[in-house]
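Reader: I would like to learn how to read helix packing and ring pairs in a model. Can we take them one at a time?

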Amino acid sequence: MHSIWQYIKYFFKSKHWRGYGVHSPYMFYLVTMIIEDRNSFYRFSQIENMRKILKKTTKTLMVGNEGEKKEVKISSLLKQGSISPSYDQLLFRLSRYFHPKNILEIGTSVGLSTMYMAAPDSKCSVYAVEKDAGLSSLARLNFKRAEFSNIKVLNEDVSSPAITELIKSNLIDLYYFGRKASDEDVRCVLEYASDRYSSSTVIMISDIYKTKEREMLWNEMKQIKGVRVCLELFFYGILIFNEDLQPQSYNLFYIPTLFR
């Protein structure tokens with residue numbers, strides 16, 4: 001109910017549609033040529049074939065913490081942890097545009113969004129964090145089947161020394177918090193990364209209006225020191241740290257391909 005009400009508010013407060021009212025040349029190009037782009041790329045069909053396989057499979061997976069594990073259909077896990085092809089393909093275009101050298105994804109689930117971010121550049125290192133052992137194994141298998149060699153799956157809690165060391169020792173250009181990333185996980189990672197942001201840093205988070213708590217988290221994130229541009233697409237929140245940009249917030253009225 002919260003997300004429905006927030007979408008109504010978002011609909012009426014969105015001022016920018018297909019570049020309307022965007023005066024920055026950088027942001028105008030980002031909106032019109034990247035976000036609103038509807039071209040297909042050869043990798044899309046490969047990843048979507050994987051989605052079809054996961055949808056149709058009757059196999060199950062044991063997920064959950066020790067002592068609380070339960071058997072769940074893989075097709076159900078796909079619905080819970082993944083987003084629509086249109087939004088996944090938007091991740092591809094953004095990754096292609098920002099051209100990160102290192103991506104850190106929290107809440108990998110079955111790994112479809114991960115593959116879309118990894119697809120533009122095989123030299124980009126993608127660290128996919130999934131703390132559920134069953135899901136991390138499934139994601140690792142999916143990446144192997146789809147022939148992605150630049151994705152490393154980390155079956156770790158975000159508070160583990162391995163994740164702390166990863167953030168401290170690598171320049172992460174793109175942080176992505178997926179549907180399975182809890183608010184606590186997001187805050188934990190951002191605390192570790194607080195002194196590691198640079199002009200090339202981009203942070204993306206999904207479901208920014210799903211709950212009141214998530215909306216509060218998004219509002220906190222917009223206040224992170226060094227953020228130059230805040231971009232809202234209702235489903236996604238995007239923070240850009242590029243020092244060449246003037247501080248600005250944009251509420252972009254974005255309609256995925258599915259609804260056009």
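**Helix packing and ring pairs**

Author: Helix α9 (residues 183-193) packs with helix α10 (residues 212-221) at an angle of about 15 degrees, and their axes are 10 Å apart. That makes α9 roughly parallel to α10; angles under 35 degrees count as roughly parallel. This is a predicted model, where local features need pLDDT of at least 70, side-chain atom pairs count only at pLDDT 80 or more, and totals for chains, interfaces and linings use all residues. Residues are numbered from 1 along each chain as its sequence is written, and side-chain values use heavy atoms, with hydrogens and water left out.

Reader: What describes two packed helices?

Author: The angle between their axes and the distance between the axes. Axes are lines fitted to C-alpha atoms over the stretch in contact, and angles run from 0 to 180 degrees between N-to-C directions. Helices are DSSP runs of H or I with at least four residues, strands are E runs of at least two, and both are numbered from the N terminus.

Reader: Is the crossing of α9 and α10 left-handed or right-handed?

Author: Left-handed. In such a crossing the near helix is turned anticlockwise from the far one by less than a right angle.

Reader: Which residues of α9 and α10 meet?

Author: Contact means heavy atoms within 4.5 Å. Asp-183, Val-186, Arg-187 and Leu-190 of α9 meet Glu-213, Arg-214, Leu-217, Glu-220 and Met-221 of α10. By class, this contact has 4 nonpolar, no polar and 5 charged residues.

Reader: How many aromatic pairs does the structure hold?

Author: It holds 14. Rings of Phe, Tyr and Trp (its six-membered ring) pair if their centres lie within 6.5 Å; planes under 30 degrees apart are stacked, over 60 edge-to-face, the rest tilted. Phe-44 and Phe-92 form an edge-to-face pair, 5.0 Å centre to centre, with 85 degrees between the planes. Phe-44 is in helix α3 (residues 42-56) and Phe-92 in helix α5 (residues 85-98), 48 residues apart.

Reader: Is Phe-44 buried or exposed?

Author: Buried means under 20% relative accessible area, exposed over 50%, partly exposed in between (1.4 Å probe, protein chains only). Phe-44 is buried, at 4%. Phe-92 is buried, with a relative accessible area of 4%.

Reader: What about the rings of Tyr-197 and Phe-241?

Author: Their centres are 4.8 Å apart and their planes at 35 degrees, so the pair is tilted. Tyr-197 counts as buried at 17% relative accessibility. Phe-241 is buried at 2%.

How values were computed. Parallel < 35°, antiparallel > 145°, perpendicular 65-115°, else oblique. Nonpolar A, V, L, I, M, F, W, Y, C, P; charged D, E, K, R; others polar.
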